[in-house]
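Student: I would like to learn how to read the side-chain features of a protein model. Could we work through one together?

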Amino acid sequence: MALATDYDAWEFRRVIISSKKIKKIVTWGEPAYFRAFCLLLAATLIFFYLPLLDGSRNFYFRDVTLYFEPLLNFIGNSFRHGRLPLWNPFCYCGMSEIAIPSPAVFYPGNLLFAVCPFSKALALNMLLSQLLAGIGAFLAISTLGWGAGAAAGCGFILALSGYMFSLESNYTLVANSAWLIMMIAALRKLEGSTERQRFFWCLLLSFSTFAFLTAGRPEITGPGLVILFIYLLVRCLQEVKAKKRATTAWQFLSWPLRCLFIGTLLSMPSLLPSLEWIPLSRRSSGLDNPEILLFSANWYDLLCLVAQQPLGDLQLRWAKFLPVVSNAHMVPFISSAYIGPAAMTLVFIGSTDRTWSFRLPSFVFLLGGLLFCLGDTTPVTPWLLSVFPPLALIRFPIKLLIFVVMTLSIFAARGLYRLMRQDDGPTLWFPLVFWTVCLQASAAALCFPGLLEKLTPANAPSQLIAEAQILIAQSGVVASLIGLGTVALLFLARRKILGIEPALCMILAIHIVSVMTCALSFQRHTASANFFSSDSLLANAIENIDRNASKAESGKEADSQMSGLSPVSKPRVAGLYLENFTCPLSLQPEDPSLGTAAWCQYQRQMLCPNTNMDFALPSPWGYESSMTADYFNSFVTAYTSSAQSGSPDQDRPLWPKQSVQDPGLPKSDQPLARFLELSATKYATTQVYKFSRSGAPPLKVPPLDSLFFKLALEDPQLNLRVYKVLHSLPRAYTTCCWRWVEKHERVLHSLFSEAPTDVDSSVTTILEGNDAGACGAATPFHSAKSEAAGKKISLSNAQEQSNLAPIKFLRDQPEDIVLEVSAANENCLVLADHYYPGWQASIDGQPTITHLANGFFRAVILPAGRHRVEFQFRPSSFSTGLLLAVLGLSWLALLGTMSLRSKDEQELQDER
């Protein structure tokens, strides 16, 4: 990245540029330019997001439906009810919401979801992030002395790129990128600030650091912090070299380091819980390379930097030309990172500027970013992962395309600077030759079929490849003509037939029209205004089944209304369609754009993870989020042991190798049933049929074993089966029999891997540790004195031995659960909610030990009598983070006080 002398963009300056041929005075950095840039950029973004802002349309695409909408609604509802959303009871039998890096609870933009409808809040987040990226780019470039024109061009190219427009399904990636740019801008402005300006830039840098870290995307945060470190190091060395004093290093670094540290302290309430989760997650033990590199850039992604998605929007379901681009039948992670041919022309001009001292480092950074983005397309990234495993943090390399777009934007800004300077005669031959060659190649592709076959997957149909080649060639012709038109405008300005300022304004106008045309055509994925307001057919069906079951058991009408945040009144439901999810033919319209919305709506109807949260239905499964590694691996092992798992032509890595059953072993539903029984899951849902990826006729989904599951509903039209888990335990129960096992791995193996040889081999409750003496038992197996004494409780008769003591829920809030239990003898109370650091238990107000039961759940040992048992989620990581955040705020307030005092002293000196 380019570095230059101090420069204040807020003051009117005149820069006299000398040359052998001309001498010209250019006015740079007037506030009017900045205001005009902000207004034009804001107006462009409001125009794009207007259907979302006025509520007439809804975001729905991909992770929006399955991940962000449920979680952000939960966070927003919690804030609206005056509650911090520390714990989420609806996924994985409960999960730490505060530990989820994205969406982080305390990211400032997420507060919008507490006051606005979901899609409006998401649109505002996207709009503000892109506006921040543009403003940050403008401020950063203005400090380099390249002028307001170059700063505005960089801001437009970056903020309106396809990467920034097409990631509403991962909006925190856009936010993370925007705050990184603002941090760089604040650092640059802080260097040249006066005493009066310093506190403002310190405040901006501290807040930007806080927002950057709480946006929670390590794929951007990791490389971004490396960039900032290198930048500070280089600038520090420059200062020391210029002033030849070692003390200059600290003088230069003191203010930036203070601000970065304050911002880090402010983010601690989010960072510490996330850091607490990381050692528990499966990422801590390393992910498989195929999973890390699943979304890698390829030739088509690089082509879409300059071409307007010639094969259409490949993110849509059933996109016609997807097989031409991907041999894994994977929907692309981003539709494109389009910056357009006009911007690329400026990039070529900037890249040929030999007077730019940081041209070579910028090229190195660009090349490194491209190699990382390409992932498994080249051998470089896989080799780096094998040499340096921590790079697995950068999951899905295509996300790093934002750094490529940033670097290209800087090259384009340098090109604008050269054009405005006009003293060394920037050469136009390179962009002229490039676009001419592109035009000729596109024309040749129109005339000679079969040129594309070497770049496409081997199984792509020949006819499809031929059609794709024509479309790509046509798009190449259009891009080449725009590029040549841009060169022509610059040539006219060079010949003074057209003024340089009008020519550059026309180029920026061409660029804005080009990128907005692409964005409106391909990046604004929206559905009708009632998309998220419709009921779930599956949720209604389960409510009816549950009501009828309760009526049959009690002999009278039962109230089974499933509403509100409390999960106690609702049964847990496991959706057993974790791969090759099949949408019924009736929901597959010919128009792919309509089909994608229908497919996402069908996922909500089927309560796919995490959509069950929208209907307050708890589930033992969900997207990874803050799921612990042992829980994930145990569930996947149980699932892949069942006949529900897999398909004959599965062609992408879905599960880690250590969790997948040996394909040579016979399939059995017993491990899956055991997991669902112990997790208090009452219903399991499957599909009736699945489509083969190779286009073969639909495959009938095998039914679940009737020894463990009872079919309650089958609807071929909805492609749905609902099963009742026969021996499911209650969410809270007591047992008189339990045993202790020291090692966690032994617990998981005995519960979910070993096949019992007889009824007595699987004991209902297994507690971790070696605390048998505390329970009054001399052997690892404990049996209290009761009518059931001496019996070993197996899963098959666990229902008979649960609820030995009456249990009543007095309070059931996500972070606070209170139960009333009456026990005639010593018992073990098991709550089938996820065990996690931070959960504290008390009996009658006295703290007690929370034991890990059955691998994942919570338990306490109850003495005889009537007791009030309370479970509270009070993670020390969060409380410590709050203290550190208060320290950061205090430090910031101290800096503000010092700044005001220095201002007063300066004013007194001026008066004297």
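Tutor: Start with Glu 820, which is partly exposed because its relative accessible area is 23%. Keep in mind that this is a predicted model.

Student: Why is Glu 820 called partly exposed and not buried?

Tutor: Buried means under 20% relative accessible area, and Glu 820 has 23%, so it counts as partly exposed.

Student: Which residue does Glu 820 form a salt bridge with?

Tutor: The partner of Glu 820 is Arg 866, and the closest N and O atoms are 3.1 Å apart. Arg 866 is exposed, because its relative accessible area is 60%.

Student: How many salt bridges does the structure hold?

Tutor: There are 18 salt bridges. One of them joins Glu 543 and Arg 547, at 3.1 Å from N to O. Both of these residues sit in helix 21 (residues 537-554), four residues apart, which is about one turn of the helix. Glu 543 and Arg 547 are both buried.

Student: Are Arg 217 and Glu 219 buried or exposed?

Tutor: Arg 217 and Glu 219 are both buried. They form a salt bridge as well, with the closest N and O atoms 3.6 Å apart. Salt bridges can also be linked in a network, as with Arg 572, Arg 731, Asp 812 and Asp 833.

Student: Next, the nonpolar side chains. Where do they tend to be in soluble globular proteins?

Tutor: In soluble globular proteins, nonpolar side chains tend to be buried together. In this model the largest nonpolar core has 248 residues, and those with the most contacts inside it are Tyr 49, Trp 146, Tyr 163, Phe 709 and Phe 871. A second, separate core has 15 residues, among them Phe 321, Leu 322, Ala 460 and Ile 465.

Student: What is Phe 709 in contact with, leaving aside its neighbours within four places in sequence?

Tutor: The contacts of Phe 709 include Asp 669, Ala 673, Leu 676, Tyr 723, Lys 724 and Val 725.

Student: Which residues form a nonpolar patch on the surface?

Tutor: Val 226, Phe 229, Ile 230, Leu 233 and Leu 237 form such a patch, and together they have about 500 Å² of accessible area. Ile 230 is placed in helix 8 (residues 218-243). With a relative accessible area of 46%, Ile 230 is partly exposed.

Student: What describes a pair of aromatic rings?

Tutor: Two values describe such a pair: the distance of the centres and the angle of the planes. The count here comes to 51 aromatic pairs. In one of these, the ring centres of Phe 48 and Phe 165 are 4.4 Å apart and the planes are at 50°, so the pair is tilted. This pair links distant parts of the chain, with Phe 48 in helix 1 (residues 31-53) and Phe 165 in helix 5 (residues 162-165), 117 residues apart. Phe 48 counts as buried, at 1% relative accessibility, and Phe 165 is buried with a relative accessible area of 1%.

Student: What are the two values for Tyr 49 and Phe 165?

Tutor: Tyr 49 and Phe 165 are 6.5 Å apart centre to centre, with 40° between the planes, and their pair is tilted. Tyr 49 lies in helix 1 and Phe 165 in helix 5, so this pair ties together parts that are 116 residues apart in sequence. Aromatic residues can also form a cluster: one includes Tyr 60, Phe 61, Phe 113, Tyr 171, Phe 531 and Tyr 623.

Notes
Residues are numbered from 1 along each chain as its sequence is written. This is a predicted model: local features need pLDDT of at least 70, side-chain atom pairs count only at pLDDT 80 or more; totals for chains, interfaces and linings use all residues. Side-chain values use heavy atoms; hydrogens and water are left out. A nonpolar core is a set of buried Ala, Val, Leu, Ile, Met, Phe, Trp, Tyr and Cys residues joined through side-chain atoms within 4.5 Å. Buried means under 20% relative accessible area, exposed over 50%, partly exposed in between (1.4 Å probe, protein chains only). Contact means heavy atoms within 4.5 Å. Patches are made of residues with over 30% relative accessible area and no salt bridge: like charges are joined within 9 Å, nonpolar side chains (Val, Leu, Ile, Met, Phe, Trp, Tyr) within 5 Å. Accessible areas come from the Shrake-Rupley method with a 1.4 Å probe; for residues, only the protein chains shown count as cover. A salt bridge is a side-chain nitrogen of Lys or Arg within 4 Å of a carboxyl oxygen of Asp or Glu. Helices (H or I, at least four residues) and strands (E, at least two) are DSSP runs, numbered from the N terminus. Rings of Phe, Tyr and Trp (its six-membered ring) pair if their centres lie within 6.5 Å; planes under 30 degrees apart count as stacked, over 60 as edge-to-face and the rest as tilted.
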